[in-house]
Amino acid sequence: MLTFFNRQELTVTFSLQEMSRIQNILAGNGLEYKVKTFLKHGIDRARMGSMGMNPDEMYEYIIYVRKDDYDVAMHLIHAGRED
């Protein structure tokens with residue numbers, strides 16, 4: 001079970017597609033993970049609505065894995081990518 005005490009932040013992204021890609025990789029390799037989602041512009045949106053905001057950048061996704069799985073998870077999500 002992934003808890004507050006045995007988890008480590010793997011990455012933060014604002015892209016739903018990137019978050020889904022990472023979830024698929026982690027699940028496909030049997031790694032337990034947790035995603036926390038935050039509304040990026042919660043206060044501004046409450047006052048002004050979402051007009052003019054890029055919907056792809058409205059949410060922040062923080063992905064956590066077990067501390068013991070961190071190195072493996074980092075390798076898997078960056079394997080084959082040239083950043």
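Q: What is a salt bridge, and which residue forms one with E18?
A: The term stands for a side-chain nitrogen of Lys or Arg within 4 Å of a carboxyl oxygen of Asp or Glu. Here E18 forms a salt bridge with R21, and their closest N and O atoms are 3.0 Å apart. Keep in mind that this is a predicted model, where local features need pLDDT of at least 70 and side-chain atom pairs count only at pLDDT 80 or more, while totals for chains, interfaces and linings use all residues. Residues are numbered from 1 along each chain as its sequence is written, and side-chain values use heavy atoms, with hydrogens and water left out.

Q: Where do E18 and R21 lie?
A: Both are in helix α1, 3 residues apart, or about one turn of the helix. Helices (H or I, at least four residues) and strands (E, at least two) are DSSP runs, numbered from the N terminus.

Q: How many salt bridges does the structure hold, and what does R66 pair with?
A: There are 2 salt bridges in the structure. R66 forms one with E32, again with the closest N and O atoms 3.0 Å apart. R66 sits in strand β3 and E32 in the loop between α1 and β2, so this pair ties together parts that are 34 residues apart in sequence.

Q: Is R66 buried, exposed or partly exposed?
A: Relative accessible area decides: buried is under 20%, exposed is over 50%, and partly exposed is in between (1.4 Å probe, protein chains only). R66, at 25%, is partly exposed. E32 is partly exposed too, at 31%, and R21 counts as partly exposed at 25%. For the chain of 83 residues, 23% count as buried.

Q: How do I read the sheet, and in what order do the strands come?
A: Strands of a sheet pair through backbone hydrogen bonds, either parallel or antiparallel. Two strands are called paired if DSSP finds at least two bridges between them. In this model, 3 strands make an open sheet in the order β1-β3-β2, with antiparallel pairing. The edges are β1 (7–13) and β2 (33–39), each pairing on one side only. From one strand to the next, the twist averages 25°. Between β1 and β3 (residues 59–66) there are 6 bridges, and T13 stands opposite Y61 in β3.

Q: Which strands does helix α1 touch?
A: Contact means heavy atoms within 4.5 Å. Helix α1 (residues 16–28) packs on the sheet and touches β1, β2 and β3, its direction making about 15° with that of β3. Angles run from 0 to 180 degrees between N-to-C directions, using axes fitted to C-alpha atoms, for helices over the stretch in contact. Helix α3 (residues 70–78) lies across β1 and β3, at about 20° to β1.

Q: What is a nonpolar core, and which residues make up the largest one?
A: In soluble globular proteins, nonpolar side chains tend to be buried together. A core is a set of buried Ala, Val, Leu, Ile, Met, Phe, Trp, Tyr and Cys residues joined through side-chain atoms within 4.5 Å. The largest one here has 11 residues: L10, M19, I22, I25, L26, L31, Y61, I63, V65, A73 and I77. Helix α1 gives the most, with 4 residues. Not counting residues up to four places away in sequence, Y61 touches T11, V12 and M19, among others.
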